[in-house]
Amino acid sequence: MKNARTCCSVLIALSLIFLFASSVIADDVVVLTEDNFDKEVGQDRDSLVEFYAPWCGHCKKLAPEYEKLGSSFKKAKSVLIGKVDCDSHKSVCSKYGVSGYPTIQWFPKGSLEPKKYEGARTAEALAEFVNKEGGTNVKIAAIPSNVVVLTADNFDKVVLDETKDVLVEFYAPWCGHCKALAPIYEKVATAFNLEEDVVIANLDADNYKDLGEKYGVSGYPTLKFFPKSNKAGKDYDGGRDLDDFVNFINEKCGTSRDGKGQYTSKAGIVASLDDLVKEFVSAGNEEKKAVFARIEEEVEKLEGSTARYGKIYLKTSKNFMEKGADYAKNEIQRLERILEKSVSPAKADEFTLKKNILSTFA
């Protein structure tokens, strides 16, 4: 019964994932609807369109391949790679004679008379077809992965490292649900790529059966969390969309990231220091020095990443006393102007931390 319930929960979760695929995993595939289909297709560029249904198993298997195709053709301005959810936009799918899923059709430039694609359902085969029909020469991009690939040789070194919180997906290459999860899991890994203490990993448990059996893996995908404090591993029973994973990791690992990997407004905030800051800001000039001394004492107690945040609190307190009450507001505005420009992810983290802590003084 337990396995049946688990299987049912997984199927429901994965169905929900695909239902929201247009917003979650289709970043480089144009989402077509009844409102925009004729504006996008049959205009000044060729179009390859997938007609799919969220509940369709074959569509779920195609999803990561089609996303890879969309990523590769993203800069090819003469070709549109699009998709239509036929459950939500029945009239479009009916208009083009779609009776099974997925159906893939080619619309030449300036035409709404499609040609049905009958080839293999891999990114490479689809790219070959698009290149032939559209006169392009695009190759499938090898997308670098932020997921740590585990093997029998490195499993213990990575997963049992007591300085790291590790999320592991046990998968099988032939598993359709695993293929559907793959692009989302990659986004999770990318979101936490700058967190040195967080590792997002996977293991081909079909190839390394002994490791799968050791950790009680009986179905795919199985996800287990190995926090710093418990290297026996805990089952991950949460949802399977990006926000579910991000919320789980933030809660369990003490991180503050969003789905795009950017710091949230909570990043860098230390509750014990916030209480002192409120007292510091409202205190008179002489009293401020006494509160500042207490902030120094509290910062000395901090460890790990919070010690780093404490230094920013201290520096901000000093500047507040030297430059006046408008310092925090002016500095926040300066940092916001910088963040609006193109800065590296590491610099964006640094400036966001400062801005968040400054906000407690403002």
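**Exercise 1. Find what sits over the ring of Tyr52, and how far from its centre.**

Solution. The charged end of Lys83 sits over the ring of Tyr52, 4.8 Å from the ring centre. "Over a ring" asks that NZ of Lys or CZ of Arg be within 6 Å of the ring centre and within 35 degrees of the ring normal. Next, look at Phe280: Lys288 lies over its face, at 5.6 Å from the ring centre.

A word on the model: it is predicted, so local features need pLDDT of at least 70 and side-chain atom pairs pLDDT 80 or more, while totals for chains, interfaces and linings use all residues. Residues are numbered from 1 along each chain as its sequence is written, and side-chain values use heavy atoms, leaving out hydrogens and water.

**Exercise 2. Describe how helix H11 and helix H12 pack.**

Solution. Start with the geometry: H11 (residues 271-282) and H12 (residues 285-301) pack at about 170 degrees, with axes 9 Å apart. Helices here are DSSP runs (H or I, at least four residues) and strands likewise (E, at least two), numbered from the N terminus. Axes are lines fitted to C-alpha atoms, for helices over the stretch in contact, and angles run from 0 to 180 degrees between N-to-C directions.

Then name the arrangement: H11 is roughly antiparallel to H12, a label for angles over 145 degrees.

Now list the partners. H11 contributes residues including Leu276 and Phe280, and H12 residues including Lys288 and Phe292; contact means heavy atoms within 4.5 Å. By class, the contact has 8 nonpolar, 1 polar and 4 charged residues. Ala, Val, Leu, Ile, Met, Phe, Trp, Tyr, Cys and Pro count as nonpolar, Asp, Glu, Lys and Arg as charged, and the others, Gly among them, as polar.

**Exercise 3. Classify the ring pair of Tyr117 and Phe129.**

Solution. The structure holds 22 aromatic pairs, meaning rings of Phe, Tyr and Trp (its six-membered ring) with centres within 6.5 Å; planes under 30 degrees apart are stacked, over 60 edge-to-face and the rest tilted. For Tyr117 and Phe129 the centres are 4.9 Å apart and the planes at 70 degrees, so the pair is edge-to-face.

Finally, check burial (under 20% relative accessible area is buried, over 50% exposed, partly exposed in between; 1.4 Å probe, protein chains only). Tyr117 is buried at 4%, and Phe129 is buried at 13%.

Notes
Angles under 35 degrees count as roughly parallel, over 145 as roughly antiparallel, 65 to 115 as roughly perpendicular and the rest as oblique.
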